[in-house]
Amino acid sequence: MTTTLTPLRRIAAYAVCADSAGRVLLVRASKHSGTPGTWSLPGGAVDHGEDPNHTVVRETAAETGLSVAVTGLQDVLADMRALPERGITIHTDRLVYRVSVRGGTLTDRVDRPTDLARWFTREEAARLPLRSFTARALDLPASSADVVPDEPPEFPSFYAVPGPDGLHRAQRFAAYAVCTDPDGRVLLTRVADGYPGAGCWHLPGGGTDYGEQPGAALIRELAEETGQTGRLVGLLGVASHRDAASLGPEGYPIDWHGVRAFYRVVVDKPAPPRVTDIGGSTCEARWFAREELGALPADRLTEVTAEAVQAANLT
């Protein structure tokens, strides 16, 4: 049973890169990878504290020899795959970016997790053994190259591990909502005492569960934190923030790296906000008129909230 495998989580960033002829850039997994012979978008794991925009540029250069520039965020998705030969199951939150080539020369690699980089037409790519997330990103038929676990394993919503400097570190993926109602009001939540940012107004949302898609997690968190039923409208962006010595209810400093996708969400039938997840990180929820939101001092908003409402042109 794949559920007996050790569960792991990671965050990764990938490049959708097309040339002037419309061909897409793909890399092949080598014998040193968990899925040898499969093809995927160039990219890889986000290092602790690294901005995913930098990850996709760094990984594409390492895997293909090409220098790229990020032109936009295409999608955020999650998947699980089992690697029985390694005794692990991996949940990966994948950030998919559109990029353009700045220069360089296509290069093959030896004794690395990927060994070939090639340009393919969409028709050629459709005939390759593609990783599932790559097929989805390219809007091609779903691939069966990945082994999917029978069901999500038990995994803590928060965990920290000792870093190389002895300080505990945690990397967490979360999804948040820039949430409005038919009158244009904006829904915010207030951070409870004992949590980083205590007293500040924050976006509804939170960490995703193992095996959970970001959109589904967001709608679940919205209901738990505010009592509202929301409708997902679209992806706004991704924020990456690091606090090198965050202090929360754990009681000891943690080198914290949060990667957060934020979405536009509409509540068609708003109700008086109520926090149903009592004792958690949210102590209050409230609808704000646009002018009330604009009047809030900058230090009353969390960093990701200020960034998201600006991206949504709400202030």
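This is a predicted model: local features need pLDDT of at least 70, side-chain atom pairs count only at pLDDT 80 or more; totals for chains, interfaces and linings use all residues.
Trainee: Why is His-241 called buried?

Mentor: The relative accessible area of His-241 is 11%, and the word buried applies under 20%, so His-241 counts as buried. His-241 is found in strand S13, which covers residues 231–246.

Trainee: What makes the pairing of His-241 and Glu-307 a polar contact?

Mentor: The side chains of His-241 and Glu-307 are joined at 3.3 Å, and the cut-off for such a pair of N or O atoms is within 3.5 Å. Glu-307 is also listed among the residues in contact with His-241 once neighbours within four places in sequence are left aside, and that list includes Trp-256, Arg-260 and Glu-303 as well.

Trainee: Why is the pair of Phe-155 and Tyr-210 called tilted?

Mentor: The ring centres of Phe-155 and Tyr-210 lie 5.1 Å apart and the planes stand at 50°; since planes under 30 degrees apart count as stacked and those over 60 as edge-to-face, the angle of 50° leaves this pair as tilted. Phe-155 lies in the loop between helix H3 and strand S8, and Tyr-210 in the loop between strand S12 and H4, so the pair ties together parts that are 55 residues apart in sequence.

Trainee: Are these two rings, Phe-155 and Tyr-210, buried or partly exposed?

Mentor: Phe-155 has a relative accessible area of 22% and is therefore partly exposed, whereas Tyr-210, at 8%, is buried, because the word buried requires a value under 20%.

Trainee: Which residues have the most contacts inside the largest nonpolar core?

Mentor: Leu-95 and Cys-179 have the most contacts inside this core, which has 28 residues. Several elements each supply at least two residues, including strand S1, strand S9 and helix H4, and the core draws at least three residues from each of domain 1 (6–138) and domain 2 (170–312).

How values were computed:
Residues are numbered from 1 along each chain as its sequence is written. Side-chain values use heavy atoms; hydrogens and water are left out. A nonpolar core is a set of buried Ala, Val, Leu, Ile, Met, Phe, Trp, Tyr and Cys residues joined through side-chain atoms within 4.5 Å. Buried means under 20% relative accessible area, exposed over 50%, partly exposed in between (1.4 Å probe, protein chains only). Helices (H or I, at least four residues) and strands (E, at least two) are DSSP runs, numbered from the N terminus. Domain bounds come from an automatic or database domain assignment. A polar contact is a pair of N or O atoms within 3.5 Å; within protein, one must be able to donate a hydrogen and the other to accept it, and residues adjacent in sequence count only if both atoms are side-chain atoms. Contact means heavy atoms within 4.5 Å. Rings of Phe, Tyr and Trp (its six-membered ring) pair if their centres lie within 6.5 Å; planes under 30 degrees apart count as stacked, over 60 as edge-to-face and the rest as tilted.
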